[in-house]
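Thank you all for coming. I would like to take you through one model this morning, chain by chain, and I will give each term its cut-offs as it comes up.

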Amino acid sequence: MKAPEADALLEAARGGDNDACERMMEENAGLIWSVVRRYYGRGADPEDLYQLGCLGFLKAVRGFDPAFGCQFSTYAVPKIAGEIRRYLRDDGAVKVSRGVKERAAAIRQARDRLSHTLGREPTLSELSAETGLEAEDIAAAEEANLPVASLQMEAGEDGFTLESMLGTDGMEEGVVERLALRGAIDALPERERQVIFLRYYKNLTQDKTAKVLGVSQVQISRIERKAMEHLRKELE
Amino acid sequence: MRPVNTATIEFLSRSSNEGFARTAAACFAAQLDPTLDEVNDIKTAVSEAVTNAIVHAYPEALGKVRLKLKLFADGRLEIAVQDWGVGIADVEQARTPLFTTGNEERSGMGFTIMESFMDTLKVRSKPGKGTTVVMSRRLARRLGSR
């Protein structure tokens, strides 16, 4: 399908034309499948996964705005993957780590609840009383602190992820793509490179990052936004 | 002031031991009844110090890394990470952000991160003899509830 034709189809689909939506899904079946197949072999039914992929694709169609300045497929890939990942996470399809995931979730929830009622961070003994877990087990739990930023996490209002800027999605994909990302990060101005490193590779909060670099959190937020813009331009 | 509790763990400078070391430190610190925030800060600081030893101390082979943990009555946790490796020629320079002799994933911010997450940080080193990083942080809510 030629570009202007594809654009018109996308416009129609965004406008709510159901036939156009259907046609878009047919035209992009390959794209959807290329994302979906990466999640095979995790205990979820391939049919279900494909349906979810289509759902994510439709969300992408609805949410896309040509003013984003990128290809529709760049925007669509993380939306498709995100739909599937959400399902896999909530369904516990990866059965081996279900106990670990549940425990981490329990700790997170207890922490939120107690922070609210106490008006401060709860201590391990308070979390232990709340969850029934041993203090040491809570201290040892690695997942109880969700990574605050990751390649998959969205940054900015238009929903881009660092991964989507690679034009690919998922850790299985190419050394080449990761090198491209790495190269783009290395090319950033020093401050921005430091912030990306601390936020995305060390998984620090903006608050902690501010502390390490000796600036305010507001500045970190600003620097991070600029860094993302630079990366996006660099990797397009 | 003498510590009320101590623990010493020695392990090989394998990167697979980093997770174990930071978890062990966090579990030990649990006795001071910290918040999860403090636990994560400790894990991060220990991770940096241990990773430094693993990556830099023994370039040619595997060596020993010792993690020493101490709890004091005033609620202070002291963490020492020691190696007997190549050492650091210029500690001051090594502690400036972004200096690094390593490559790829290292950004040279290890010491800066440790400094930000702990109350105190001391680095002693002698080229050819080894390096000891000692850091401490005050945690206590209540001690001795166990």
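What you see is a predicted model, in which local features need pLDDT of at least 70 and side-chain atom pairs count only at pLDDT 80 or more, whereas totals for chains, interfaces and linings use all residues. Residues are numbered from 1 along each chain as its sequence is written, while chains are lettered from A and ligands numbered from 1 in the order in which they are written.

Let me start with chain A, whose secondary structure comes to 12 helices and two strands, where helices (H or I, at least four residues) and strands (E, at least two) are DSSP runs, numbered from the N terminus. Read from the N terminus, the order of elements in chain A is α-α-α-α-α-α-α-α-β-β-α-α-α-α. Chain A has 236 residues, of which 33% count as buried; a residue is buried if 20 or more other C-beta atoms lie within 10 Å of its own, exposed if 12 or fewer, and partly exposed in between, with C-beta atoms placed from the backbone. If we take the contacts in chain A between residues at least 6 apart in sequence, 56% of them join residues at least 24 apart, a contact being two residues whose C-beta atoms, placed from the backbone, lie within 7 Å.

From α3(A), the residues Ile32(A), Val35(A) and Val36(A) meet Leu49(A), Tyr50(A), Gly53(A), Cys54(A) and Phe57(A) of α4(A). By class, the residues of this contact of α3(A) with α4(A) are seven nonpolar, one polar and no charged, where Ala, Val, Leu, Ile, Met, Phe, Trp, Tyr, Cys and Pro count as nonpolar, Asp, Glu, Lys and Arg as charged, and the others, Gly among them, as polar.

Which parts of chain A touch chain B? The contact takes 16 residues from chain A and 19 residues from chain B, and on the side of chain A, α7 (124-131), α8 (135-140) and α11 (206-213) each supply at least two residues. The largest share of that side, four residues, is from α8(A), and the side as a whole divides into nine nonpolar, three polar and four charged residues. In α7(A), Leu124(A), Glu126(A), Leu127(A) and Ser128(A) are buried, and just after α7(A) comes Gly132(A), with a positive phi of about 80°.

Turning to chain B, we find four helices and five strands, in the pattern β-α-α-β-β-α-α-β-β. Of its 146 residues, 42% count as buried in chain B. Strand β3 (residues 76-83) and strand β5 (residues 130-138) of chain B run antiparallel and are joined by eight bridges, two strands being paired if DSSP finds at least two bridges between them. Val81(B) has Val133(B) in β5(B) as its bridge partner. Strand β4 (residues 120-126) of chain B also pairs with β5(B) in the antiparallel sense, over seven bridges, and there Arg124(B) stands opposite Thr132(B). Finally, β4(B) and β5(B) form a hairpin with three residues between them, and Gly128(B) in the turn has a positive phi of about 85°.
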